[in-house]
Each structure stands twice: as C-alpha cells, then as structure tokens.
Amino acid sequence: MWTAGLGLAHLWPQIPPPAAMVTAGIAALLAAALARRGRGAVCLVHVAVLSTAISHGLLARPEHRPDTLAARLLRPAQFVELTLRLDSPPVRLPGEGSGPSRWRCWGIVEAIRSTESGWQSASGRVEVWMATEPTGPQPAYGDRWRVGAVARRGEDGRLRLSVRGPADLLARNAGSRWRAWCYAQRERARAALRRGIEDWTGPAEIIPAMVLGYREEVLPELRERFLRTGTAHIFAISGLHVGIFSVVLAAALRTVGCPRRWWGVALIPMLAVYTVATGASVSALRAFAIAAVWWLAPVLRRRPDLPSALAAAALAILGPAPSQIAEPGFWYSFLVVAGLAALTPPLETAARTLLGTAADDALVDSATPHWRSALRAVGGWLGRLAAASCAAWIASAPLTAHTGNQISPASLPGNLIVIPASFLIVLTGCISLVAGLASEALAVTFNHANAAICAGLVRAVDTLFELPGSYMAVTSPPLWAVLLIYAAITGLQVFEGRVRLALVGAAAAIAVAGATRYLTDDRARIAFAPADLAPAILLNVPGERGDWLIGPGPAWTAERLIRWLRSCGVDRLDAIVLPALDADHAGAAPAVLERIPTRRILLPTGRSPSPVARQLLERWAREGRELVPLAAGDTGECPGGIVWDVWHPPPGVSYPRTADGALWLRVARGGRAVLLAGRATPAQISSLTRIPVDPAASVVVLERVATKEDQAWLHTLGARTLVEHRNDASRPFPPHGELPLPP
C-alpha cells in the first residue's frame, strides 16, 4: 500500500492536496481503532497507509518544496549563480591537449542569488558539469564552490548544472570525514588493482569498474557492446556486486570460525564501507538495504525471509526518498531479485524433469564414482545458473522493453559467462588487495591473472555482439501490457490449478500478440525528432534494415538523438542522409555511425566548401564507408513500396555556399508525397525551373519560417501541408511528431 500510494502521487499530481490526504488517513485510522477487529478494520488501516503514502509523495514533489532549486527556476534552461558543496568524487572526463580539465560530479545546493532579493537559501541535489584550468584548484569531494551555471532539467527529470561563468573555491573538506576516508581508500585500491597491468587496454579499465565502480573509464565502444548484449549491469555496483562481496566476506568469516548468527554484525559495516567507497550510487544503496535486512535477521533471532527483506528495504528506501518510485532502477532492483526468488526454483525443477535427471539424484549413493559425482555437481551448478539467468531475463525483459527500448536475447547465454566471470574478477581483485599488503609482486601476479580473465570476458561479449539477432531495438510496449505480464508472473506464485494455467495463457497471449504485431507491422512513417533535435527526421520503413536517418543534426545532440532512435525501434540503419555537409546537419553523424551499424551514407554531389566536411569525408573513405553522392534525377526504392527521388542539386554543379548545394529529397508512397526542402534558399528555388514529377508533393518540410515569397513555388508544387521542423520552432508539429504514409 505504501508503494502504491507513492506511485499514485507520482502519476496523478492533481490528487487532493497533502493536507486533505493526511486528514483522510487520520480519520481512517481512528475508524479502524473504533472497529477494533474484522475485515473492515483491516481495510481502514490499508486506507490510512495509502493516504499517508500519497501525502508523503506529494510533499516530496518540487512544487510543494519552494526552497529547492527546481522550484526557484523560472525557465526550463536558466543561468543561475549559486553556492554548492560537491557530494561525490569528481570524475575527470576525457579531453585533448593541455586545455581546461572537464569534470562531472554531484553537488548539494546551499544558496542561490536572486536579482530581486540577493542571496537566498536553497536545497536540492544536482548533477554538475564544470571545467577548471590546469593551474587552478581542482575539484574534490567536500569542496564548497560559488559558480555561475546554466541549470537545465534533463529528460529523466533531474537538474544538471553546466558551469559557464567563473567558479570560485570557497572551502575545502566541508563534507563527511568518513566518506572522504572511504573515497581515499577507494582510490588507493584502484591504484593497487591496476599495478602491473597499466598498459593492458581493456582490463586496466574494466577491473576497477567492476570491483570499485569506476565505470566512467571504460571505453565507450566497449560499454556499448556490453549494453547491447544486456550484460552492462556488471559495471554498475548493484545487487550482483554486493552479493558477490557478501559471499567473499562470508567465506572469510567462516574461515576464521565466526558463528553464522553473528555474520551480520561484521558484514553490514563492511558492506556499508564498500557501498560508500564505490560512490554510494542509488543502485548500490538499494542493494545494501536489501542485504542489510537479510543479514540482520539472524542477529535478531529471526529466519531470513526474502519477501520481508524486499518489503523492508523498499520502505527504508522510499521513506527518505519517495521520488525513487519513478526510477526504472528501483523497479529493476526489486523485480530482478523477486524474479530470481520466484522463478528460479520452478525453472530448475522443470529443466531437471525435462532432462530426466531428477530421478537420477535418488540413485546417488556411496558407491557412485567420485568423477561421476563431480560431474553431477558441476551439471547441477550449471543448471541452477541457467535457471537463474532465465529467471532474471524474464523478470527484467518487459521493463527493459518499456523503458530501454531493447530486447537482448544474447543476455541469456551472456549471463552464463558474465556472472561467473564477474565473481572470479571480484574475488581475484579482493585477493590481490589483501596480497598487496604482504607482497607487491604477489599482488601483480593476481592482477595479471585477473586481466587474463577479463580479456576472455571481453572476447566472449564481442562474439555475442556479432551474432545475428543478439539484440534488437523495439518501441515501448504499452504500460498496461507490462503490468499484466508482471501480474501474471505474480499470480503464478499465488494461485494454483486452473487459475495458474489461465495466467500462463494470458501472459503467453500478450507476448505472442506483441511479437506478431512487431513482425507483421508494414507501416511506413516519417518521424520528426523532438524540436531540440531538429532537423533530424527518421524514414521508418517495415523491417529492421531499411530505415533512413535524414539530417542527424549538430554534434551536441548526438547522445539524445541516439536515445530517440532507440525509442523508435532503430538498432541499425540502411542509410544516413546528409542534406548538407555542415555542422547543423552532419555534426552528429560520426557519433551515430560509431553506435548504430549503418550500411551507407548519402550526400549531395559537388565539392563541399567546408574543409572540416572534406576531412570528414576523407576519414570515412579510409574507414571503408560507402559514400553515395546524389544529384537531381537520382531515384530509388525502399522496403514497403516507398520510392524516392532527388530534386536538387543539379549534377556537376558546385555552390560557394553549403546551404545552396543542399539536397531536396522527395519521398512518396501511394498517392502521398513528402518533399524535404531543407532551408529552401533563393538559389535553390530559382534553380527549380521544372517540377520533375506529377503529382509533386502534398507535404513540404522546411527548416525555417515560411514567408510570403514561398507561396508561389509552394502553390506550383500543389502542396497542401507545410511543416516547419526546426529547433526554434514555435508552431506545433504534426500529431505525435510523425507523418504516416498510406499503405
């Protein structure tokens, strides 16, 4: 009920004000006290808990806390001057040359300067991006800074500060001494884990990332491969790492003879140090809360119970931070753990029954050869690991498809490799740290062994990444379908008999219906990116390999552009179309080409006046990219009956201005045609002396504001709809940002 109430407060903020919900909760509690017993009293208690949770969630929203930075901002992006305290170790971002060092960290806002009333107290935790000169003070945990920055709310709702003005260091060591000590030990451990393998690219970054949470150092292309194969969770200090660390510590306590009942007394403080030292990420804190409740049960003479541990951990997390109810990571943490507990035993039993090994266990006796017993033990361990991998995939796949727009079949075999390898890497890392206290040479030996394990892991993930169908991007399934699937999984543990069969049938029907719709979808769409990503346009055709990205846009939008493409179900492209070889149209193309497999690049014919564009084309030619120049008169087809033709530029003509030589591309299907005219400069309009086809274009897309002078040539085309797709657009886009083409 508590979780449901916080969810309602997040989904429906127009619920009655917090005071009314508190009053309703008190009234329900008093009524339950008068009723004393019976189902009515229990229902009233549930109503009281629900009302209290709703009021708590509403009060945690920024609009009910006027002192937060989010509440004081007047615009989505606003320059502010404020003082803050750095609340995490700053991460140095890769840079070039001897210029300013760029950093990313988290900060606690203390005060903000207002032009009307001077400095005012403020609060809130924000993500900080800042740059410092090599000769100036470098940021560290606990520093207090006065900065001028642009505050902007991200897509995930969090505030980010991009420091633009002067940054003045006010004080050092203003944070927690205990946390500062933990961070210092983490840095020492990182240096110890890299000792002897500093030049071994890959393991030197992956080992500290997996053991200590330094995931920012992992190369982007390597992180992308782990992400696409569904195994990137090994870089986030989460339940897997806390669980492995707990097993290592428990084995050490058992070796020294510590009674099992008192393991929690030693484990919980050590897990707390590990959680804080690895950065105290939200996922690590969630995992620590679950582990702490589990290990504390024997100390209090209670039997460890996973459902109770999950419920207690959820209450401990959502009490001080109710906004986490909206975090996908919160649901990942609890759904995966619950899925492992609920689905692993039946999957393991079903596998043993299917393979016919369940009856063999009863035949094992003292006369059984040792080698056969060993093989049986290894087979049983592999079977349990496979069942756990399937259970985790089933529990996380619906949420991954809804929030991450991805399905990764490769994660099923991948986790069979990644989880044992992660255990070995963490275990070997711990042994190396302990051995380093006695002998540096011994620590280097373990580091080399760890690097060999890590290199094998990378090779295995690379192989999975290259397999056809190892991953696929999908559009988000509806939320009701995701909830129904989880309700069916829950019902499998609660009900039996016909009800269980009905739930299995319902879940299977939903999965089959979704797969059928995905595989048989023959719609073609022209999808317009959000206004801040303009001029990017996606020609989304049936199938997975025929999509075109037209005008990727400037370089600074590359990361969000890739996320938008994933949300559209794009994991590979047939072509990237560069209407013009300038920064506004082609800046994001290199990043997209690195992250999304692309067959070819289409661009306007003629020599580009930009030296940067020429260098980019030369680089792509050296990489073996297929470059296809287009000129007026070129035509072609795309899957789904789509035809395209080029109206501009004329063949063999070069222009002194890049905009004048840009592409005019027409896309048609059935009786409807869309002309992508870009900026439609006067030079382009004057060269359009003859309409190549009839009918010409019912829809025209411009990257600028239409003027009265455009009416003549638009009338000549017979255009009925004009779309202004630009990043400063004030006019509404087509419904849902896309234009469907008729079947």
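The lining of the largest cavity in this predicted model divides into 15 nonpolar, 6 polar and 2 charged residues. The lining is made up of 23 residues. Among these, P579, L663, A677, G678 and E703 lie nearest the centre of the cavity. Two elements give two or more residues each to this lining: β18, which spans 664–669, and β19, which spans 672–678. The largest share comes from β19, with 3 residues. The volume of the largest cavity is about 200 Å³. Across the whole structure, the search finds 2 cavities of 30 Å³ or more. Rolling a probe the size of a water molecule over the atoms shows where such empty space is left.

Charged side chains were examined next. Side chains of opposite charge can pair when their charged atoms come close. The whole structure holds 28 salt bridges. Three of them are described here.

E81 belongs to strand β1 (residues 77–86) and R113 to strand β3 (residues 101–114), so the bridge ties together parts that are 32 residues apart in sequence. E81 is partly exposed, and its relative accessible area is 28%. R113 is also partly exposed, at 47% relative accessibility.

A second salt bridge is formed by the side chains of R595 and E224, at 2.7 Å from N to O. R595 sits in helix α20 (residues 589–595), while E224 sits in helix α7 (residues 220–228), so this pair ties together parts that lie 371 residues apart in sequence. R595 is partly exposed, with a relative accessible area of 23%. E224 is buried, with a relative accessible area of 7%; the cut-off for buried is under 20%. Both residues also belong to a network of salt bridges, in which E224, R228, E559, R566 and R595 are linked.

D574 counts as buried because its relative accessibility is 9%. R599 counts as partly exposed, at 48% relative accessibility.

Methods
Residues numbered from 1 in each chain as written. Predicted model: local features only at pLDDT ≥ 70, side-chain atom pairs only at ≥ 80, totals over all residues. Heavy atoms only, no water. 1 Å grid on protein atoms, 1.4 Å probe; cavity = no way out; pocket = protein on both sides within 12 Å on 5 of 7 lines; lining within 4 Å. Points joined across faces, edges and corners; volume = space filled by probe spheres on them. Helix = DSSP H or I, 4+ residues; strand = E, 2+ residues; numbered from the N terminus. Nonpolar A, V, L, I, M, F, W, Y, C, P; charged D, E, K, R; others polar. Salt bridge = Lys/Arg side-chain N within 4 Å of Asp/Glu carboxyl O. Buried < 20%, exposed > 50% of the residue type's maximum accessible area, 1.4 Å probe, protein only.
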